[in-house]
Amino acid sequence: MNFASKFEVFWDFFINKNGYSTVLLGLKNTMIIAITGLIIGILLGTIIATIRVVPKSNPVLTVLDKLSQLYVSLFRGTPIVVQLLIFYYVLMPLLNLHINSVGVAVVVFGMNSGAYISEIMRAGILSVDPGQMEGGRSVGLSYGTTMLKIVIPQAIKNILPTLGNEFISLIKETSVVSFVGATDLYVAFNRIGSNSYEFMVPYLVMAIIYIVLVVFISMLIKIMERSLRKSDKSL
């Protein structure tokens with residue numbers, strides 16, 4: 001069977017047999033998991049990074065710092081598919097939780113991303129001139145307020161390209177959510193291939209969609225970087 005014939009088979013399943021609806025569902029779930037996971041990751045990562053860099057002035061902060069290090073080690077030291085399987089097949093039954101597969105993926109991807117972003121954010125915070133903290137404290141702001149309103153915004157600006165790369169990684173890693181029964185782009189195109197007994201064209205189209213998503217996100221990140229550079233020059 002030549003490529004034209006293979007494409008006709010794919011097109012028949014994609015249009016006439018509503019394969020596009022599964023692809024749209026997979027695309028929607030992929031973006032939900034990646035975007036929500038990134039948001040959770042940024043929030044968790046910022047909290048963990050802040051705990052890691054603040055002076056350990058009391059035993060509570062020391063304990064939180066140790067727990068943060070353990071958290072980062074656990075999530076960076078195990079594959080995300082293992083984390084998905086443990087959460088879905090071990091923790092959920094033990095804790096009697098009832099979360100759908102997409103919800104599980106969002107939680108696990110968010111917690112996994114939080115571990116990586118915490119290290120990214122910590123480097124970003126340390127890259128901010130210490131004089132920024134001193135300046136904030138000198139005008140009467142508390143340590144926490146100075147960190148929240150002055151240091152962290154500058155740190156996020158410094159690590160924006162790296163956050164973009166993390167988002168791209170999340171989109172590509174969503175292909176493992178099929179292990180817990182979630183429908184993503186991989187599952188959608190795999191179903192078309194399984195039903196048509198022809199995988200070449202579905203997988204090629206799937207790859208093209210991933211590439212388009214990555215290129216689009218990369219362009220957005222570059223636009224944001226240029227905008228931030230212009231705002232710096234205008235100051």
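Predicted model: local features only at pLDDT ≥ 70, side-chain atom pairs only at ≥ 80, totals over all residues.
Colleague: Where does Ala115 lie, and is it buried or exposed?
Modeller: Ala115 lies in helix 5. Its relative accessible area is 0%, so it counts as buried.
Colleague: And how far apart are Ala115 and Arg76 in space?
Modeller: Their C-alpha atoms are 6.6 Å apart, although 39 residues separate the two in sequence.
Colleague: Let's move to the core. Which residues have the most contacts inside the largest nonpolar core?
Modeller: Those are Leu84, Phe109, Ile125 and Ile171, in a core of 49 residues. Several helices supply at least two residues each, including helix 1 (3–16), helix 2 (19–53), helix 5 (101–127) and helix 10 (200–234).
Colleague: Which helix gives the most to this core?
Modeller: Helix 5 does, with ten residues.
Colleague: What does Ile171 touch?
Modeller: Not counting residues up to four places away in sequence, Ile171 touches Thr30, Met31, Ala34, Tyr210, Leu213 and Ile217. Another core, of five residues, lies apart from the largest one, and Ile48, Tyr71, Val72 and Phe75 are among its members.
Colleague: New topic: aromatics. How many aromatic pairs are there?
Modeller: The count comes to eight. In one of them, the rings of Phe7 and Phe10 have centres 6.1 Å apart and planes at 50 degrees, so that pair is tilted.
Colleague: What separates Phe7 and Phe10 along helix 1?
Modeller: About one helical turn, because they are three residues apart in that helix. Phe7 is partly exposed, at 36% relative accessibility, while Phe10 is buried, with a relative accessible area of 4%.
Colleague: Why is the pair of Phe10 and Phe14 called stacked?
Modeller: Their planes are at 25 degrees, with the ring centres 5.4 Å apart, so the pair counts as stacked; the cut-off for stacked is under 30 degrees. Phe10 and Phe14 are four residues apart in helix 1, so about one helical turn lies between them.
Colleague: Is Phe14 buried or exposed?
Modeller: Phe14 counts as buried, at 18% relative accessibility.
Colleague: Which residues do ring pairs link into a cluster?
Modeller: The cluster consists of Phe7, Phe10, Trp11, Phe14 and Tyr20.
Colleague: Nice. What sits over the ring of Phe13?
Modeller: The charged end of Lys17 does, 4.2 Å from the ring centre.
Colleague: One last thing, helix 4. Where is its kink centred?
Modeller: On Phe87, with an angle of about 35 degrees. Phe87 is also one of the buried residues of helix 4, along with Ile80, Gln83, Leu84 and Met92.
Colleague: What do the buried residues of helix 4 pack against?
Modeller: They pack against helix 3 (59–77), helix 5 and helix 8.
Colleague: And which residue follows helix 4?
Modeller: Asn96 does, and its phi is positive, near 55 degrees.

Note on methods: Residues numbered from 1 in each chain as written. Heavy atoms only, no water. Core = buried A, V, L, I, M, F, W, Y, C linked by side-chain atoms within 4.5 Å. Buried < 20%, exposed > 50% of the residue type's maximum accessible area, 1.4 Å probe, protein only. Contact = heavy atoms within 4.5 Å. Phe/Tyr/Trp six-rings, centres within 6.5 Å; stacked < 30°, edge-to-face > 60°. Lys NZ or Arg CZ within 6 Å of the ring centre and 35° of its normal. Bend = angle between axes of the 7 residues up to and from the residue.
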